[in-house]
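Morning, everyone. Let's look at one structure together, and please keep it open while I talk.

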Amino acid sequence: LDYGCGSGLLSIAALKLGAGHATAVDLDPQALLATQKNCTTNDCAQNATICLPQDLPRKQHEVLIANILSKTLIELSPTLNKLTSPGAMIALSGILETQAVAVCESWSDWATLGISQKTNEWVLLSGMKHK
C-alpha cells in the first residue's frame with residue numbers, strides 16, 4: 001500500500017523490486033493521473049490499483065509505504081492501522097528528524113517504528129505492525 005502516492009514512484013519501485021501488486025492511493029486526482037501514466041510508462045500498470053482513499057478496496061496490506069509529512073502521518077494513524085495486517089512491514093518518509101518521536105509515539109499503540117536512515121534533517125522510519 002502506497003498511501004499518498006503522488007507520482008507513484010514508491011509503487012513503481014515496489015513492483016520493479018518484486019511486489020506482486022501495489023495499491024496507490026492519493027487525495028489528489030492529478031496525482032492519480034500521474035501515477036497511472038508513470039505505471040503505464042514503466043510497464044507495471046497491470047499490477048497496480050490506483051484510487052482515491054474512499055475507493056480503496058477493503059483489505060489489509062502486508063506492506064505500507066508512505067512519503068507524507070509528519071502531521072498527516074499522525075492524523076492518518078488510525079486509518080493506516082486498519083489498512084495493515086498484523087506483522088505488516090512499514091516504511092515512512094517525509095519526516096523531519098525533530099518530528100520523528102511524535103510520529104513514533106502516535107503509532108506506538110499498534111506499530112513499532114524507529115529511525116532506520118537519516119539524510120540531512122530528514123529521516124526514514126521503518127518497523128512493523130504489532131501482531
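**A patch, a strand and a helix**

V63, M89 and M128 make a nonpolar surface patch of about 260 Å². Patch members have over 30% relative accessible area and no salt bridge, with nonpolar side chains joined within 5 Å. A salt bridge here is a side-chain nitrogen of Lys or Arg within 4 Å of a carboxyl oxygen of Asp or Glu. Areas are Shrake-Rupley, with a 1.4 Å probe.

Now the ground rules. This is a predicted model: local features need pLDDT of at least 70, side-chain atom pairs count only at pLDDT 80 or more, and totals for chains, interfaces and linings use all residues. Residues are numbered from 1 along each chain as its sequence is written, and side-chain values use heavy atoms, without hydrogens or water.

Take strand β4. V63 is found there. Buried or exposed, which is H61? H61 counts as buried, because its relative accessibility is 7%. V63 is at 36%, so V63 counts as partly exposed. The cut-offs: buried is under 20%, exposed over 50%, partly exposed in between.

What does H61 touch, leaving aside neighbours within four places in sequence? L1, T23, L83, T84, S85 and A88. Contact means heavy atoms within 4.5 Å.

On to helix α3, residues 70–82. Helices are DSSP runs of H or I, at least four residues; strands are E, at least two. A kink of about 55° lies at L76, shortly before the proline P78. That angle is between axes fitted to the seven residues ending there and the seven starting there. S70, L73, L76, S77 and L80 are buried in α3. The helix's buried residues pack against β1, β4, β5 and α4.

Terms used. Expected span 1.5 Å × (residues − 1). Buried < 20%, exposed > 50% of the residue type's maximum accessible area, 1.4 Å probe, protein only. Patch = residues over 30% accessible without salt bridge, like charges linked within 9 Å, V, L, I, M, F, W, Y side chains within 5 Å.
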